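Here is a short tour of how two chains meet, written for reading alongside the model. Take a moment to find your bearings before going on.

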Amino acid sequence: MLKNLYFKSCLIALCVISQLNFSCNKALDAPSVEVSPEEVHWQSISDTKAALIGMYGLLRAALVDNNAHWMYGELRSGDFTSYRRQDLSAVVNSELNKSFTLLEDLSNWRRFYAVINAASVFIEKAPRVLEHDSRYTKLNLDYDIAQAKAIRAFTYFYMVRIWGDVPLITSSFDNGKFPQLARTDHRDVLMFAEQELIEAVEVLPFRYGVAPQTYYGATSSNWQKILFNKISGYAILAHLAAWQGKYLDVAAYTQFIMDNYTGANVVYLNNIMPSGTGTAGLTGNFGVFTNNYQFGQIINFSSAYSYGEATASGHIEQLTLATPYVNRANPDIYVSKETITKLYTDRNDRRFGVDTLSGLYRETFFTDFSNEIPVFSKIKIIRDGVNDGNYAVFGSNLVFTRLEELTLLRAEALAVLGQNVRAIELLNVIKGMRFTSSYQVTDLATKPLIDEIFMERRRELMGEGWRFYDLVRLNRIKSVDPKISHLIEQNGIYWPISRNVLRNNSQIVQNSYWN
Amino acid sequence: MVVKLSRGRFLHKIDHYLAPKRYKILALCMAVVSFVHYGYAASSVIVKENNINKPYFSNKEMTRIVGELSPVGLVLQDTIEEEEFDEETRAKINTLNTRKLTMDSLDIVPIKNNPYLAVGDYLKGQAAGVYVQSPSAEPGTYQNVLVRGLSALQLNNRDINNNQAALYVNGVPMGIENNFAYDIQRYDYNRIGPATDYWASIDLSSIKSIEIIKDPTRLAELGPLAANGAIWITTFGGKTGEREISVNTYYGFNTKPAVTPFNAAYEDLFRQNFYKRYGTEDDRLKYPGYLSDSTNLNYYGPSNWQDLYHSTASLYSMDFSLAGGSDRANFGVFLGHTKNAVSSDETNLKRYNILFNVNMLPFEWFAVSTYVNARRMERDRNRNVRDRYAEMSYLPDLSTPLAPNKNIYSQYIGRYKNEVVDDNVTNHVNGNIRLALDIFSNLQFATNFALDYNEGVRDLFYPGTLMETINYMSTYYGYTQRFVFSNKLAYNYQVNRSNFAVSVGSDYSEDLFRYNFARAYDGPNDYIKLNVVNGNSNDGDYLDPRGGLRVLRYNNKERFHLHSIYGKLGYTYDDLLELTSVLRWDGSSTVQRDSRWLFTPSASVKWNVDKQFDLRNMFNVKLAYARLGKPTYTSRYAAGPQYAANLGWSQDPNVSSYFGYAGLSRDYSFGWTGYNLTWAYSDNLELTLNNAFFNDRLSTSLSLYQRDDKDQIALMPVPFEFGYVGEYKNGLNVRNQGIEAVINGIILPADEEKVGWTTSLNVNFNRNELTALPGGATELQEGNRLLRVGEAIDRFWLFQNTGEYRSVSDVPVDGSGRPLNNNGVPFEVGDARWVDQNGDYIINDDDRMLQGRFTPKFFGGFNNTLSYRGVDVNLAFTYALGMNALNQRASSRYDFASNEDNNAIGAIREIFHWQQDIDIEKYPIYNVWSGTNPYRVDQDLFLENASYLKLRSVSVGYDLGRLNYVKNTLKTTRRAYVYLTANNVFTITKFTGNDPELVNFNGMYDGYGLPLTKTFTLGLKLDL
């Protein structure tokens, strides 16, 4: 019996060993649960959806990292002053080569190129899904590719505004090869972007998933808040042209927008602070900056609290809010009282004004005007729009452009082209909405129209990342500010290129102004 | 329906649904194996009972069974015919403690007189070639045990996994804590979860022996898990013979450190230096509120916070062990409880330990043994504000610090004690079951199943009163699970004077790492400390939190499977010559499929010179070479080109969705992972000379080693125009060279009437060098560090500071009249004077120099034991020389202006920052508002010599068992040893910070390490 047992145990042991060796190679397959490898990707409609969303998400990340959108567009030479932060003062004063981490990070374009690479990968690989998944239609693919092209063109346009010449890379190089490419003349970059956009706007719809159809399982009320549509495409085209001074093109593109914006459910924000979702408005918890806004957006990046994307960083509120909204004594940046009183002269201005009867202020854009440091309160979406600022994460949208902005851009173009009457009409659309007195044709002699249009932009678009670019455009039209004109002449409007970028690619040359 | 679950359990429950399968299989395996064996034992009992037809147990026997501990062992004893075993057979049963100890074994007896908690503590200065980094004295915090230097980059906390040695407890390799949890953290201060070092769970009292395995061929036998060296711990276990009982206990206290506290008046004086010289009107207007009002007694009153922050802490330990058994079966049981504490911030750790070992020899040719060790640790952690905000990843307004006044601080502490929940628990189980068969007398088969499981649970709640009105809760549940299944067939063949030993074997191990983490902000009030969710799985809002909580959930899972097949050939010629060779094939799940298997050879030759020439003293020479694969604990390299949900940005790295939809893209902020990533490996070469002199009264061991860790994966820069932060590539090679010398001497032999003195000195020299970078690159910039081929990998990259610009004329001007500038910002009066190394009148990265090292060039220990008439005195010194640290604490103290203005996490002022903890004399007064950042940490102004010599431990003991009184009252007493120990007696160092040991793993001294203060303990070891 012992012998028997002995034999049996040996047998069992041998069986165990052989079993193990059989299964060993299979057991060594323990793929990562965190990532999706190339082999299994681009197989189904969910892959294209995720990749499409990924491009928008990366673009949002590029725009909000270190509050880049506002650093580039709003702070530099803008109306805001830094309360104590020296790095922000450096941005305001265009001392962009100082030894601050923030400046170093802001001069690195990697995140923008991540968007461009993701778009190129998408354009190259999404067609594969057509073969694998019958739920993915040609129309769907066309929409997706058009968006990818629009995103890539937008990103190039955005980068050219910051750095001037940037390397133009139009394919993904998705093979582990990373050639060193030199900077391309910004005109060629913009020409490429324009071409791509012209192709894209042909395809891009006004609305995605209009019932009974759906787009990736959702209808237009969902997608109108975030996706690039036909109007978005034309808006980018208009700005691209405006940046190059091609105002004829601007007029043409904005003409299309003015004729067709209703198709994308885009409306004017007549109400300064709506009390519900029924009316379109600018500020407050139902305005264009919140996820509660129920109308179409033109170019908008969402950070909805309800989806867990509200964060403490990456929103202008991080810099501008203080007591009484959040638990902070002083904001990082503020608009000084002198600037406010200089800008908002009309006492009826719904954005900010002094009510002469009661002596009170209309504090829509600025709160605590009686204090030394007023708080910029135009955009203040705490969480999903609550009044309790204890837990200060912000759910505000990054609104790149809206109809009022494009209206003023059109007015600018028409004014440059000499069509003053039509320009004034458009300008007065905005003035009317904000209850300020209209610009009269008779004012042309005393108040130059172009100045007035830019002044209106300054008042209307404060905190939305336009001021610096507006200054550049204005001074290109006519030299108003010698400092900006000097920067334009010396190519100082461009940011320095990060030392890390230069180190990793020897072909890149620093912007001459910062040498 | 709403169910309330305790938060830890809630995650537990989720996990229960997600990953129970593996457990079931494991449990089943264990059950089957034990069933087979215990079933066999039971059946043999029944057979016997039937044969002789009498009741199996008499009442008397039953009483005896209750008296003894192992019923299984007893059954076998009583039922199988007792036959005397010979010595050789008897040896088979003792599977633990049979290891032959080598020169690399520690002298464990004197170490046991110390209240040490973690493995790193025992090893400091005790073992040649081992250097231990311990950034804080706080019990249970992470330590890093380096064997023969740094073999991989170590720039942040997560990197220690690449360098730390492996820990084997009774042959079971302890799992590591995967560093993937750092991925969701913005700050690198603490790991989420309990962050308790697994290595603190082993009870020193349960340890029988510790050996450092460095010998290449022995490491080769252990395989890739041991690529960074191995610490081999054998615990107390079953023992054949008389029943033995031991009781050990100690009680001690940790004393308060000496601090020099200050209040706001001092801080104000400090700052006035800067405001007077460089401050503008505007700067003065924005002077911090708490400093500007000198009538505010909270800040300007007495600074006596230290009375509450530091208080003498008591520590204790007690354990009980029992062992006994027959030739056929024996057992050992160990029970222990320890509390360790330090005097700062009421931090402490409680540990419970139970260990059980049974060995059986049912037949001469068949041995079974099993061992299980379960531990639990509960930790009270520090109350650092920084760590709290880092955990929350939410920074409120930091402009007003905690007041240095005791009364104010006591309110704060009171809230902490009453309202905060901070439960940190880790549970550990490891064990094995081993079957050994002698198929023939010279052919043996052994199979071993080992399990190691470590889990951590943390429940956290911070009330709104502490967090400026918002409260915060988080729960963490994570574990590391490893099982190893090994089989080995060994054959032995003797011809004349030659002996051949051949063995083949296979090891298969699976590691599973997992965590579930949820955090929520701003709950309804401070009384609800629970995450209340909807528990009905049919509802749409299943598991949604109630009460307006915003819950963010994170979880991740990682696996590492390793399969190894190896063969070992051994040849011995008559005790003169030993030749060994190990050949291995290792397959890893974390390496890409086409290069998954790695073949590694190794060989060694040992020549016993003493035997050859018939010398009286020991003398042998050994030369060994081994190649070992280095494991990778992330499966991402194996995936090749990949897509991930990573849509975050630098301040919020966790965002993975856009508008609620998961977005996938190439993982640009992780880096490009190509198709050609392969194994990294380590080439070890060692020459050892063991010598003895004067009739073995003096023995020396000298080892020369060279270790090349090759083909390691590094993130290499690529042009940023493709969006990637870099590209992962093989090819980083690090070479460690060193000499280890151990001298053990019996200066005065122990004798009853004379003083005995034994001494042991170990001297280690280590240097490392980066020998290659991927793709032939010569330099790689990693954050604030630079790696240059030909230089050590642990150097700092610093500007050379030569003082201060006192006048405009001091600033050098280039040919065209442009002053020296820092990336375009000209230097002005009050700026730091940095050497323009390349003479281009621009101070930038090109002017930074590699300086210093953060691991020591020379280190070791010096241990002495003196004895006289049953009294013994032990002295343990430890030293490290040729090591530097960068004083980040001083840098951030001086850089107050930009820290505070930016509301950065560096601006946080802890309560213990109200003390003089830096050398004020050392630093010039620069313009803190300058755009050149004069107090930047990366300059040699903050580089310090962190060499030290410490008397770590002094203990005096006496064996009361020698006294007749004790002998007579407790007849079975084998030993009754009482001892008194003092730890951290003194330190000799030039370092200006608190302690040169309390430096982070990357050489940064941030002043956050809790101080190592004197500890006194009184203990008793009773063996019956």
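## A strand pair across the chains

In this predicted model, strand β1(A) pairs with strand β22 (residues 642–644) of chain B. The two run in the antiparallel sense, and three bridges join them. If you look for a place to start, Val35(A) stands opposite Ala644(B) in β22(B).

## The interface as a whole

How many residues does each chain bring to the contact? Chain A gives 106 residues and chain B gives 93 residues. The size of an interface is often given as the accessible area lost when the parts come together. Here the area buried between chain A and chain B is about 8700 Å², and carbon and sulfur atoms give 56% of that area.

## Polar links and who supplies them

Eight salt bridges are counted between chain A and chain B. Arg383(A) forms a salt bridge with Asp522(B), with 2.8 Å between the closest N and O atoms. Across the interface, 42 residue pairs are in polar contact.

Several elements of chain A supply at least two residues each to the side that touches chain B, among them α1 (2–27), α2 (45–64) and α6 (110–125). The largest share, 13 residues, comes from α1(A). Sorted by class, this side of chain A has 51 nonpolar, 32 polar and 23 charged residues.

## A helix contact within chain A

Helix α3 (residues 68–75) of chain A packs with helix α18 (residues 467–477) of chain A at an angle of about 35°, their axes 5 Å apart. On α3(A) the contact is made by Tyr72(A), Gly73(A) and Glu74(A), and on α18(A) by Arg467(A), Phe468(A) and Tyr469(A). These residues divide into three nonpolar, one polar and two charged.

Note on methods
Residues numbered from 1 in each chain as written. Chains lettered and ligands numbered in written order. Predicted model: local features only at pLDDT ≥ 70, side-chain atom pairs only at ≥ 80, totals over all residues. Heavy atoms only, no water. Axes fitted to C-alpha atoms, helices over the stretch in contact; angles between N-to-C directions. Helix = DSSP H or I, 4+ residues; strand = E, 2+ residues; numbered from the N terminus. Contact = heavy atoms within 4.5 Å. Nonpolar A, V, L, I, M, F, W, Y, C, P; charged D, E, K, R; others polar. Buried area = accessible area lost by both parts, 1.4 Å probe. Salt bridge = Lys/Arg side-chain N within 4 Å of Asp/Glu carboxyl O. Polar contact = N/O pair within 3.5 Å; in protein donor to acceptor, adjacent residues only side chain to side chain. Pairing = 2+ DSSP bridges.
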